[in-house]
Amino acid sequence: MNREIFFGPFRFGATTRTLWDGSVPVRLGARALAILQVLLEAPGVTVSRSTLLKSAWPSLHVDQSNLRVQISGLRKALRDYGGAIQADPSQGYRFDADVVVKRPAPSRPENQPRFGIPGIVVKPIGRKPSISAVWLIC
């Protein structure tokens, strides 16, 4: 189920890791999107630099300057909302803006019967006497 996180004109698809500005996709790299997802899932909470580094560079050891570069790119991409990404000195970063999390309504699977009636009825081929008997019982 794809959770969507809304803030300002932006919409972030948590499962697909896509950011939309209205109806236009925002071009960001996978690392920036991973960092944004962690920040959006804990709005107002300071997320440690090590947690952000692990989310963007799993199983790699990278310098914290890489994180600063990604945060800078995110701030530019978010325009007026770029200031919502706040740095806590020697702690980490937090997202200080109102976010709304929406979960789409569960959709009905295609093969699930509607109103108790099967979607597609397929007549078996052959064995006419058996079919007639089954149809009479129903």
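## Overall picture

Of the 138 residues in the protein, 30% are buried, and the model in which they are counted is a predicted one. The protein contains four helices and eight strands, and these follow the pattern β-β-β-β-α-β-α-α-β-β-β-α when read along the sequence.

Among the contacts in the protein with a separation of 6 or more, 51% are between residues 24 or more positions apart. The protein exposes about 9,600 Å², of which carbon and sulfur atoms supply 56%.

In soluble globular proteins, nonpolar side chains tend to be buried together. Here the largest nonpolar core has 31 residues, and L19, I35, L39 and F95 are those with the most contacts inside it. Two or more residues are given to this core by each of strand 1 (4-7), strand 2 (10-13), helix 1 (30-40), helix 2 (49-56), helix 3 (64-77) and strand 7 (92-95), and helix 1 provides the largest share, seven residues.

## A buried arginine

Which side chain of opposite charge is nearest to R49? R49, which lies in helix 2, is buried yet has no salt bridge, and the nearest side chain of opposite charge is D88, 8.6 Å away. When residues up to four places away in sequence are not counted, R49 touches Q64, L67, D88, P89, S90, Q91, G92 and Y93, so D88 is in contact with R49 through heavy atoms within 4.5 Å, although no salt bridge is formed by R49.

Key: Residues numbered from 1 in each chain as written. Predicted model: local features only at pLDDT ≥ 70, side-chain atom pairs only at ≥ 80, totals over all residues. Heavy atoms only, no water. Core = buried A, V, L, I, M, F, W, Y, C linked by side-chain atoms within 4.5 Å. Buried < 20%, exposed > 50% of the residue type's maximum accessible area, 1.4 Å probe, protein only. Lys, Arg positive; Asp, Glu negative; His and termini not counted. Salt bridge = Lys/Arg side-chain N within 4 Å of Asp/Glu carboxyl O. Areas by Shrake-Rupley, 256 points an atom, 1.4 Å probe, with all protein chains shown as cover.
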